[in-house]
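Good morning, and thank you for making time for this item. Please have the model open as I speak.

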Amino acid sequence: MAATDSRRRDDAYRPVTVTTYAVKWREPDGQTFVGRLALGRRALLLDGRRRGATGPPVERRFGYDDLRGLRIGSGEDRLDGRPALVVERSDGRYLVADAGMGAPIVQELVERLSDLRLSAALRAIVVVPLQDGALERVRELVSHGPPFDPGETGLTRHELLLTPNEAIFVFEAESEEGLGLFLGGLDLSAAAAWGELVAGPPRLAESAFTWERSELSGLGLGF
């Protein structure tokens with residue numbers, strides 16, 4: 001476990017080469033912006049200004065695990081007649097095209113984003129309701145580790161958060177299959193010493209917003 005933690009700390013401080021592209025993009029509400037796109041280890045950043053308008057720059061940061069789909073658009077999914085990358089998110093479709101100052105980049109972006117999404121950790125957040133007064137007993141239990149052996153699972157990271165009435169388990173894995181297999185076999189109510197502490201069925205929490213100060217920060221992408 002100590003070796004794994006050491007590797008994670010090394011990764012956190014390892015220099016990362018971030019590739020940037022001059023792009024224009026259209027948001028779900030139809031507004032078009034001109035600026036740059038940067039690809040980081042865990043997120044893409046769009047940074048620029050609304051086309052034909054003055055005002056402060058905008059920044060859009062999308063975690064790879066938040067993306068619902070990526071494809072090269074056709075027909076109405078072109079931007080100013082140019083091929084566009086269609087980035088599908090819960091709030092709609094973002095169209096991204098090159099800014100016309102170099103070679104077309106859409107195919108390259110699709111390939112690079114696909115690779116980055118595959119290498120990004122997949123995460124599930126499971127909320128378990130606790131019986132009244134169970135918090136101290138849960139703290140005692142988790143001081144000895146989780147109710148399973150993380151080393152024998154397909155997980156790459158695990159965290160437990162506590163509120164007075166809930167245990168919030170955060171699981172990360174490198175593949176959707178590995179995460180799904182783990183969650184399918186997880187039954188806290190049947191785990192020794194946990195059964196009497198659980199007040200009801202667990203539920204999955206949805207990630208509605210994520211912000212992270214990452215390797216994209218401080219790149220001087222403002223316009």
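Two strands pair if DSSP finds at least two bridges between them. Strands themselves are DSSP runs of E with at least two residues, helices are runs of H or I with at least four, and both are numbered from the N terminus. This is a predicted model, in which local features need pLDDT of at least 70 and side-chain atom pairs count only at pLDDT 80 or more, while totals for chains, interfaces and linings use all residues. Residues are numbered from 1 along each chain as its sequence is written, and side-chain values use heavy atoms, with hydrogens and water left out.

Let me begin with the sheet of 7 strands. It is open, its order is S4-S3-S2-S1-S7-S6-S5, and the pairing is antiparallel. Strand S4 (58-63) and strand S5 (69-72) are at the edges; each has a single partner strand, so one side of each lacks a neighbour in the sheet. From one strand to the next, the twist averages 30°; here axes are lines fitted to C-alpha atoms, for helices over the stretch in contact, and angles run from 0 to 180 degrees between N-to-C directions.

Strand S8 (residues 122-129) pairs with S11 over 3 bridges, with Val127 opposite Arg203 in S11.

Now the aromatic residues. How many aromatic pairs does the structure hold? There are 7 aromatic pairs, counted where ring centres of Phe, Tyr or Trp (its six-membered ring) lie within 6.5 Å; planes under 30 degrees apart are stacked, over 60 edge-to-face, and the rest tilted. The Phe169 and Trp194 rings have centres 5.9 Å apart and planes at 55°, so this pair is tilted. Phe169 belongs to strand S10 (residues 166-173) and Trp194 to the loop between helix H4 (176-184) and strand S11 (203-205), 25 residues apart. Phe169 is buried at 1% relative accessibility, and Trp194 is buried at 3%; buried means under 20% relative accessible area, exposed over 50%, and partly exposed in between (1.4 Å probe, protein chains only). Ring pairs join Phe148, Phe169, Phe171, Phe182 and Trp194 into a cluster.
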